[in-house]
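Let us read this structure together, one feature at a time. Have the sequence and the 3D view at hand.

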Amino acid sequence: RDDLDIAVGYMFIPEVGVFAGYRSTSMDWTVSGGGTSESGSFDISGPLIGLRGNYSFNDMFGVYASVAYLMTESESTDPAGSFKEDAPGTQFELGVKAKFSKALSGTLGYKVESFEGDKSKTEETFSGVTLAVMYAF
């Protein structure tokens with residue numbers, strides 16, 4: 001699995017801000033059993049917009065939460081062929097942050113993303129640990 005999230009944002013006040021960006025996930029899969037094997041891929045990508053909140057315990061450590069709306073498209077390929085559709089979704093993240101300098105900080109969190117295909121009505125949910133580095137200018 002390969003993930004890429006790129007976003008830019010603006011903090012209205014030190015505790016609350018908005019962001020916009022692009023996210024992409026690509027996965028290859030293989031299923032084996034009974035002497036046969038099938039493989040395929042799943043890709044989801046597109047723009048996102050969101051809201052982020054921060055709370056600092058001191059100058060270095062704090063917590064954060066974010067919520068985003070994903071305007072994504074999914075494409076899946078398997079032995080039967082290829083299928084593409086709009087798959088909007090939501091993204092929630094909660095975690096801790098550390099400020100290393102005035103411009104450099106990092107986060108460690110947990111993210112949950114859910115998507116639903118507009119044609120197939122198939123719902124996909126991904127969740128897991130996140131690690132990020134941010135540079136402010």
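Q: Which residues make up the largest nonpolar core?
A: In soluble globular proteins, nonpolar side chains tend to be buried together. A nonpolar core here is a set of buried Ala, Val, Leu, Ile, Met, Phe, Trp, Tyr and Cys residues joined through side-chain atoms within 4.5 Å. Buried means under 20% relative accessible area, exposed over 50%, partly exposed in between (1.4 Å probe, protein chains only). The largest core has ten residues: Phe-19, Met-27, Phe-42, Ile-44, Leu-48, Ala-68, Leu-70, Ala-87, Phe-115 and Phe-126. Two or more residues come from each of β2 (16-33), β3 (36-56) and β4 (61-70). β3 gives the most, three residues. Strands are DSSP runs of E, at least two residues, numbered from the N terminus.

Q: What kind of model is this?
A: The model is predicted: local features need pLDDT of at least 70, side-chain atom pairs count only at pLDDT 80 or more, and totals for chains, interfaces and linings use all residues. Residues are numbered from 1 along each chain as its sequence is written, and side-chain values use heavy atoms, without hydrogens and water.

Q: What does Met-27 touch?
A: Contact means heavy atoms within 4.5 Å. Leaving out residues up to four places away in sequence, Met-27 touches Arg-1, Gly-40, Ser-41, Phe-42, Asp-43 and Phe-126.

Q: How do β7 and β8 pair?
A: Two strands pair if DSSP finds at least two bridges between them. Strand β7 (residues 89-99) and β8 are antiparallel, over eleven bridges. Leu-94 has Tyr-110 in β8 as its bridge partner. A hairpin of four residues joins β7 to β8.

Q: And how many bridges link β8 and β9?
A: β8 pairs with strand β9 (residues 123-135) over 13 bridges, again antiparallel. Gly-109 stands opposite Thr-130 in β9. Six residues lie between β8 and β9 in their hairpin, and Lys-121 in the turn has a positive phi of about 60 degrees.

Q: Is Leu-104 buried, exposed or partly exposed?
A: Leu-104 lies in strand β8 (residues 104-116). Leu-104 has 34% relative accessibility, so it counts as partly exposed.

Q: Where is Phe-83, and what does Phe-83 touch?
A: Phe-83 lies in strand β6 (residues 81-86). Phe-83 is partly exposed, because its relative accessible area is 37%. Beyond residues up to four places away in sequence, Phe-83 touches Ser-74, Glu-75, Ser-76, Lys-119 and Ser-120. Phe-83 and Gly-17 are 66 residues apart in sequence and 36 Å apart in space, C-alpha to C-alpha.
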